[in-house]
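Come along and check each entry against the picture.

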Amino acid sequence: MSTYNVELITPSDKDELLNELKSKVKFERKANIHGACVKLLTDNEEFKEEWEDNFKFMNEDIRPHAKIFSTEDGGKLQVLYEPVSKTCIVKNCDYYGWIKSIALATISDFFEEYHSEHRRYSTHGSAVDYDGHAMAIIGPPGTGKTTLTYGLLQYDDFNYISDDWFFTRLFNNAAVVYSSEKNSYIRDDLAQVWKGFSQEVNQVQLDNRGRGIADVNTLFKGRVRETSTLKTVVLLERDPTNPPFRKLDHKEALDFMLEKDFCNPHQLIRDERKLEIRKHFFLELFPAVDVYLLNTVETPQESLDRIKNLII
């Protein structure tokens, strides 16, 4: 699926646009994303409802750290971002998946600019827990991140943390991962690969892209964790000319992330300064964990068999 282009705008541009948009807004909802407050303002009732199901609730008396405006005027898709106030204006978007990813990207930008000595960062990837140890799966779109995540979650000893985006706090002797969303935004083809999820997937109300919000406690029968200690990172590629699986040293892992643009199509700002911030995070993270490169050219089950015992 192709993504969107981001146009950076000035605070003055933002003020002018918001004067035009404020009469269109019908719904306002705040979300708690890893302790930060993100406010959605939209004229789309489905987006409002999916947002409520997707994210944790934030009290109305908390001032937002970021705002997402999503409105329709019959024109083309536009994503406009004003980085000073962390305000993103999305026009004519018909896909909730981009709205939620833009919200997470906005908070990612916020944490990059305002992280404390606790060093919190966000990563576009999934994370599962096994007995207090976490495995993260990171890869470019289309390499099987979601498929492998749910493959692991077929096994009762694995617990769900996140299937799309997680946060990491770096300590001197550990890296701890945290969930980003209350519930999972799943695809309807998930049950075609892993039949065990078919009953739960059939109960999900799907949107126009064949996706919908699933209650993770129902989906995984209480096997949900909000945090875990990261021990293993699995990077994904899909290249028939490369071997199916190998361990990487931290320099090879960093080179992979740089080559693949951090496996994240949802970066609102790409410049040299941001590149250095993101590079420095992985430069600190990778020496503290085991990193593997999985080439998902085999069947989903064969790929799953290569990684399922890495943190057991």
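**Entry 1: salt bridges.** Before counting, I wrote down the rule: a salt bridge is a side-chain nitrogen of Lys or Arg within 4 Å of a carboxyl oxygen of Asp or Glu. With that rule, I found that the structure holds 24 salt bridges. I also reminded myself that this is a predicted model.

**Entry 2: the two domains.** I looked up how the protein is divided, and noted domain 1 (6-113) and domain 2 (121-308). Their centres, taken over C-alpha atoms, are 25 Å apart. Domain 1 gives 29 residues to the contact, and domain 2 gives 24 residues. I then checked the area buried between domain 1 and domain 2, which is about 2600 Å², with 57% of it on carbon and sulfur atoms.

**Entry 3: across the interface.** How many salt bridges does the rule find across the interface of domain 1 and domain 2? I noted nine. For polar contacts across the interface of domain 1 and domain 2, I noted 18 residue pairs. Next I asked which elements supply the side of domain 1 that touches domain 2. β1 (6-8), α2 (45-54) and α3 (96-114) each supply at least two residues of that side. The largest share comes from α3, with 15 residues. Sorted by type, the residues of this side of domain 1 are 14 nonpolar, six polar and nine charged.

**Entry 4: Asp-164 and Lys-100.** I picked out a salt bridge between Asp-164 and Lys-100, whose closest N and O atoms are 2.7 Å apart. Asp-164 sits in the loop between β11 (159-162) and β12 (166-170), while Lys-100 is in helix α3, and the pair links distant parts of the chain, 64 residues apart. Are these two buried or exposed? Both Asp-164 and Lys-100 are buried.

**Entry 5: Glu-52 and Arg-29.** Here I found a salt bridge with its closest N and O atoms 2.5 Å apart, formed by Glu-52 and Arg-29. Glu-52 lies in helix α2 and Arg-29 in strand β2 (residues 27-33), so the pair ties together parts that are 23 residues apart in sequence. I looked up accessibility too: Glu-52 is partly exposed, with a relative accessible area of 31%, and Arg-29 counts as partly exposed at 30%.

**Entry 6: Arg-187 and Asp-189.** I noted a salt bridge between the side chains of Arg-187 and Asp-189 (2.9 Å, N to O). Arg-187 is partly exposed at 29% relative accessibility, and Asp-189 is partly exposed with a relative accessible area of 27%. Elsewhere, I traced salt bridges that share partners, and they join Lys-86, Asp-109, Glu-112, Glu-113, Arg-273, Lys-274 and Arg-278 into one network.

Entry 7: Why does Arg-278 count as buried? The cut-off for buried is under 20% relative accessible area, and Arg-278 counts as buried because its relative accessibility is 11%. Its side chain joins that of Glu-112 in a polar contact of 2.8 Å. Leaving aside neighbours within four places in sequence, the contacts of Arg-278 include Phe-262 and Gln-267. I went on to Phe-262, in the loop between α8 (250-259) and α9. Phe-262 is not a glycine, yet has a positive phi of about 60°. At 7% relative accessibility, Phe-262 counts as buried.

Entry 8: I found Ala-127 in strand β9 (residues 126-130), buried with a relative accessible area of 0%. Ala-127 and Val-177 are 50 residues apart in sequence, and their C-alpha atoms are 7.9 Å apart in space. I then looked at Asp-131, in the loop between β9 and β10 (133-138). Asp-131 is exposed, with a relative accessible area of 67%. I also noted its positive phi of about 55°, although Asp-131 is not a glycine.

**Entry 9: helix α4.** My last stop was helix α4 (residues 145-152), where eight of the eight residues are buried, so the helix is largely enclosed by the rest of the structure.

Note on methods. Residues are numbered from 1 along each chain as its sequence is written. This is a predicted model: local features need pLDDT of at least 70, side-chain atom pairs count only at pLDDT 80 or more; totals for chains, interfaces and linings use all residues. Side-chain values use heavy atoms; hydrogens and water are left out. Domain bounds come from an automatic or database domain assignment. Contact means heavy atoms within 4.5 Å. Buried area is the accessible area (1.4 Å probe) that two parts lose on being put together, summed over both. A polar contact is a pair of N or O atoms within 3.5 Å; within protein, one must be able to donate a hydrogen and the other to accept it, and residues adjacent in sequence count only if both atoms are side-chain atoms. Helices (H or I, at least four residues) and strands (E, at least two) are DSSP runs, numbered from the N terminus. Ala, Val, Leu, Ile, Met, Phe, Trp, Tyr, Cys and Pro count as nonpolar, Asp, Glu, Lys and Arg as charged, and the others, Gly among them, as polar. Buried means under 20% relative accessible area, exposed over 50%, partly exposed in between (1.4 Å probe, protein chains only).
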